[in-house]
Amino acid sequence: MIIYLYGADSYRRQKNIKELVNSYREKYSMLDLGHFDLSEKNREESGHQSEFLKLREFISTPSLFRDKKIAILENAFFGLSAYSVAQRNELKKFFESQLSSQNFILIISENNKPPVGFSFLISEETSPSELKFQEFEKLEGSRLKHFIKKEADEKGVNLFPKAIDFLAESFNGDNWGLVNELETLSVVKADIIDLARIKEVSDYVLAPNAGQNAYYSIMNLISNQSFSQKIRDLEILFCHQEEPAKIFNILASQTQSIKLTQKIADYDPLVKFGILDSEEVLLDLVIN
């Protein structure tokens, strides 16, 4: 079976993936989970298997004592324009072959709809038992405010209506930053949080141009500055939706520490296989 999730709201997409995986974990006692990203390698190079070949091997290799296999695939169509006709057909046939699979679930997460030739991945004509798809478009207006209220309730944060309006305007389109702000507000000791209290504690309000200086905020994470300042810089990066992969790449390429480079490399499989969230890994990196 294939589940195709797409849209600009990557936060809700990722949250939906976690919910799907957790629901299958509850249903099946033994679950084999893999994570693949075709933006890294999509062809054989220097004798190493591409991510695509690793994905096919993951599917075809029998799993002892496992009830179900799930693969999470990102950037499925990365560099597709450079593929040969044969390579495009191979990718298409692979997806088609997985539509009716009973023991394997392929979750594809993308920013956009499938490209030309792959529209069957979101086709209403495909049997519901073989394919599911959902769009996570950018939330606006009342839908965004409802989302804020729901996320705040989950975190035990009680907000005045004007506070919700302020967050909707400040984080419009940036749900990663919004949720991180709600996490910050969840530790505020107040029965109900108003606009003044948000402005008092918000890193987003204190540093509205942080996105333009992301490089310096990232490098500060491994500088000699105080621990509290490092935590503040990390929160600012989260608020401005800086991708964890980008942060890791900059740290790995700029540091002169072999120990830190190895530590970053050790984190990679933990994130890919869902053992730790990227945010948890970055926090651990700052703490240690």
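Figure 1. A contact here means heavy atoms within 4.5 Å. The model is predicted, so local features need pLDDT of at least 70, side-chain atom pairs count only at pLDDT 80 or more, and totals for chains, interfaces and linings use all residues. Residues are numbered from 1 along each chain as its sequence is written, and side-chain values use heavy atoms, with hydrogens and water left out. The secondary structure comes to 13 helices and five strands. Helices (H or I, at least four residues) and strands (E, at least two) are DSSP runs, numbered from the N terminus. Of the 288 residues, 44% count as buried. Buried means under 20% relative accessible area, exposed means over 50%, and partly exposed lies in between (1.4 Å probe, protein chains only). The chain exposes about 15,800 Å². Carbon and sulfur atoms supply 50% of that area. Accessible areas come from the Shrake-Rupley method with a 1.4 Å probe; for residues, only the protein chains shown count as cover.

**Figure 2. Helices H1 and H6 pack against each other.** H1 covers residues 10-27, and H6 covers residues 175-185. Their axes are 7 Å apart and meet at an angle of about 70°. Axes are lines fitted to C-alpha atoms, for helices over the stretch in contact, and angles run from 0 to 180 degrees between N-to-C directions. The two helices are therefore roughly perpendicular. Angles of 65 to 115 degrees count as roughly perpendicular, under 35 as roughly parallel, over 145 as roughly antiparallel, and the rest as oblique. Which residues meet here? From H1 come Ser10, Tyr11, Arg12 and Gln14. From H6 come Asn175, Trp176 and Val179.

**Figure 3. A salt bridge joins Glu154 and Lys15.** The structure holds ten salt bridges. A salt bridge is a side-chain nitrogen of Lys or Arg within 4 Å of a carboxyl oxygen of Asp or Glu. Between Glu154 and Lys15, the N to O distance is 3.2 Å. Glu154 lies in helix H4 and Lys15 in helix H1, so the pair ties together parts that are 139 residues apart in sequence. Glu154 is partly exposed, at 47% relative accessible area. Glu154 also forms a salt bridge with Lys150, at 3.0 Å, N to O. Both Glu154 and Lys150 lie in H4, four residues apart, about one turn of the helix. Lys150 is partly exposed, at 43%. A network of salt bridges links Lys15, Lys150, Glu151, Glu154 and Lys155.

**Figure 4. Lys149 and Asp153 pair up within helix H4.** Their side chains meet in a salt bridge at 2.9 Å, N to O. The two residues are four apart, about one turn of the helix. Are they buried, exposed or partly exposed? Lys149 is partly exposed, with 36% relative accessibility. Asp153 is also partly exposed, with 45%.

**Figure 5. Asp37 and Asn75 are separated by 5.9 Å, C-alpha to C-alpha.** They are 38 residues apart along the chain. Asp37 is in strand E2, residues 31-37. Asp37 counts as buried, at 13% relative accessibility. Leaving aside neighbours within four places in sequence, Asp37 is in contact with Glu51, Glu74 and Asn75. Asn75 lies in the loop between strand E3 (68-74) and helix H3 (85-98). Asn75 is partly exposed, at 30%. What is the phi of Asn75? The angle is near 55°, a positive value in a residue other than glycine. Most residues other than glycine have a negative phi.

**Figure 6. Phe160 touches a stretch that includes Asp194.** Phe160 is in the loop between helix H4 (141-154) and helix H5 (161-170). With 35% relative accessibility, Phe160 counts as partly exposed. Not counting residues up to four places away in sequence, Phe160 touches Ile192, Ile193 and Asp194. Phe160 and Asp194 are 34 residues apart in sequence. In space, their C-alpha atoms are 5.3 Å apart.

**Figure 7. Three residues form a nonpolar patch on the surface.** They are Phe227, Leu283 and Ile287. Together they have about 280 Å² of accessible area. Patches are made of residues with over 30% relative accessible area and no salt bridge; like charges are joined within 9 Å, and nonpolar side chains (Val, Leu, Ile, Met, Phe, Trp, Tyr) within 5 Å. Leu283 is in helix H13, residues 278-287. Leu283 is partly exposed, with a relative accessible area of 35%.
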